[in-house]
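Work through the exercises below with the model open. Try each task before you read its solution.

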Amino acid sequence: MPTLLVVHHTPSPTTQAMLEAVLTGARDDAIEGVDVVVRPALAATAVDVLAADGYLLGTPANIGYMSGALKHFFDGVYYPCLEATVNRPYALYVHGGSDTTGAVRSVETITTGLRWKRLREPLTVVGGLDAATREACWELGATVAASLMDT
């Protein structure tokens, strides 16, 4: 069964709400045969990454960069997973108080080095969540999970 690994750092109510909406989409009843595994960024390991077929990453934007927790995740998995995970799909969601550009750029720099394949443009949210943003988070989770259904 294909596995979607969701690696997240959720220090705020907004990032928690984004994660919950992403997971609701990824676990939608219409998506069959995909195992969704959820790991906080500080707990996710190279074993988790190697066992997964695709990745959904979530982070706040902290002072123009991804969270330290997500950076710690990448530091731990980069070399052990470098060759074994080439071309695996990933997607990203980012929440920021005023800007998400640096956080997106930093994640994309690392995923480019890993040679992961971006499934779609990152979902970025500045400020609070509204119904449309929650729907976009749900759609992101559903899209990534559905992309693994035939793998």
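Buried means under 20% relative accessible area, exposed means over 50%, and partly exposed lies in between. The model is predicted.

**Exercise 1. Classify Tyr79 and Tyr78 by accessibility, then classify their ring pair.**

Solution. 
1. Tyr79 has a relative accessible area of 66%. The cut-off for exposed is over 50%, so Tyr79 is exposed.
2. Tyr78 has 21% relative accessibility, so Tyr78 counts as partly exposed.
3. The ring centres of Tyr78 and Tyr79 are 5.1 Å apart, and their planes stand at 80°. Edge-to-face needs planes over 60 degrees apart. The pair is therefore edge-to-face.

**Exercise 2. Describe the ring pair of Tyr55 and Trp116, and say which parts of the chain it ties together.**

Solution. 
1. Start with the search: the whole structure has 5 aromatic pairs.
2. Tyr55 and Trp116 are stacked, at 4.2 Å centre to centre with 20° between the planes.
3. Tyr55 is in strand β3, and Trp116 is in the loop between α4 and β5 (117-118), so the pair ties together parts 61 residues apart in sequence.
4. Check burial. Tyr55 is buried at 1% relative accessible area. Trp116 is also buried, at 7%.
5. Widen the view. Ring pairs link Tyr55 and Trp116 with Phe73, Phe74 and Tyr90 into a cluster.

**Exercise 3. Find the largest nonpolar core and the elements that supply it.**

Solution. 
1. The largest nonpolar core holds 28 residues. Leu57, Phe73 and Phe74 have the most contacts inside it.
2. At least two residues of this core come from each of β1 (3-8), α2 (46-51), β3 (54-60), α3 (68-81), β4 (89-96) and α4 (101-114).
3. The most comes from α3, which gives 6 residues.
4. Follow one residue. Leaving out residues up to four places away in sequence, Phe73 touches Val7, Ala41, Ala44, Val49 and Leu57.
5. Another core, of 24 residues, lies apart from this one; Ala26, Val34, Val36 and Cys137 are among its members.

**Exercise 4. Compare the span of α4 with its expected value, then trace its buried residues.**

Solution. 
1. α4 has 14 residues. From first C-alpha to last it reaches 20 Å, close to the 20 Å expected at 1.5 Å a residue.
2. Its buried residues are Gly102, Ala103, Val104, Ser106, Val107, Ile110, Thr111 and Leu114.
3. Residues three or four places apart in an α-helix point the same way, because there are 3.6 residues a turn.
4. The buried residues of α4 pack against β3, α3, β4 and β6 (123-126).
5. Just past α4, Arg115 takes a positive phi of about 65°.

Definitions and conventions. Residues numbered from 1 in each chain as written. Predicted model: local features only at pLDDT ≥ 70, side-chain atom pairs only at ≥ 80, totals over all residues. Heavy atoms only, no water. Core = buried A, V, L, I, M, F, W, Y, C linked by side-chain atoms within 4.5 Å. Buried < 20%, exposed > 50% of the residue type's maximum accessible area, 1.4 Å probe, protein only. Helix = DSSP H or I, 4+ residues; strand = E, 2+ residues; numbered from the N terminus. Contact = heavy atoms within 4.5 Å. Phe/Tyr/Trp six-rings, centres within 6.5 Å; stacked < 30°, edge-to-face > 60°. Expected span 1.5 Å × (residues − 1).
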